[in-house]
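Reader: I'd like to go through this model with you, one feature at a time. Shall we start with the strands and work outwards?

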Amino acid sequence: YTGDIAELHGYKFGPLDYRSARFSTEVLNGDYQGCPCVLNCDDDVPFSRIMEPKHLHNPSNKKTVVTMEYPEKWEPGKEKYRPLRLKKSLERFSLYRGLSCPYIVCGRLGDFQDYSQAQAIEMALKIAKSLR
């Protein structure tokens, strides 16, 4: 199970905290940033990440597509993008992890952990190997 562990258990101890996101995409001429992804941590930059996927495929294209990711407060009905590992949520997560469950619970929402793509693949391979 790779969904929200709190949802799996019917929010018995309450919801966990997440951040959501909204995306804005533009088609532009030329090259925008020279690489596939730039993370922004500056307070004066409104978006947290900007992606230009042409640098993963064919950087010689005359046009480019850039997508900006803007962080938003999560609320029910929105996508859960990033776990917010606040003290109260970590305490709740610990309670959920302690409940018996017939599933293997893993992934970003199941582990309440923000994984990189490489970490997620490594975890999936480790779990698959343990099931042999």
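Reader: Which residue in E4 is the bridge partner of Arg-19?

Author: Happy to start there. Helices (H or I, at least four residues) and strands (E, at least two) are DSSP runs, numbered from the N terminus, and two strands pair if DSSP finds at least two bridges between them. Here the bridge partner of Arg-19 is Lys-73 in E4. Eleven bridges join the antiparallel strands E1 and E4.

Before we go on, this is a predicted model: local features need pLDDT of at least 70, side-chain atom pairs count only at pLDDT 80 or more, and totals for chains, interfaces and linings use all residues. Residues are numbered from 1 along each chain as its sequence is written, and side-chain values use heavy atoms, leaving out hydrogens and water.

Reader: What is the order of the five strands in the open sheet?

Author: The order is E2-E3-E4-E1-E5, with antiparallel pairing. Strand E2 (37-39) and E5 are the edge strands, each pairing on one side only.

Reader: Which residues make up the largest nonpolar core?

Author: In soluble globular proteins, nonpolar side chains tend to be buried together. A nonpolar core is a set of buried Ala, Val, Leu, Ile, Met, Phe, Trp, Tyr and Cys residues joined through side-chain atoms within 4.5 Å; buried means under 20% relative accessible area, exposed over 50%, and partly exposed in between (1.4 Å probe, protein chains only). The largest core here has ten residues: Ile-5, Ala-6, Leu-16, Tyr-18, Trp-74, Phe-93, Tyr-96, Val-105, Leu-109 and Phe-112. Helix H1 (5-8) and helix H3 (87-98) each supply at least two of its residues. A second, separate core of five residues includes Ile-50, Val-66, Met-68 and Tyr-70.

Reader: How many aromatic pairs are there?

Author: A pair of aromatic rings is described by the distance of the centres and the angle of the planes. Rings of Phe, Tyr and Trp (its six-membered ring) pair if their centres lie within 6.5 Å; planes under 30 degrees apart count as stacked, over 60 as edge-to-face and the rest as tilted. The count by this rule is seven. Among them, Phe-23 and Tyr-81 are edge-to-face, at 5.5 Å centre to centre with 65° between the planes. Phe-23 lies in strand E1 (residues 18-29) and Tyr-81 in the loop between E4 and strand E5 (82-83), 58 residues apart.

Reader: Is Lys-62 buried or exposed?

Author: Lys-62 counts as exposed because its relative accessible area is 73%. Lys-62 is found in the loop between helix H2 (54-57) and strand E4 (63-73).
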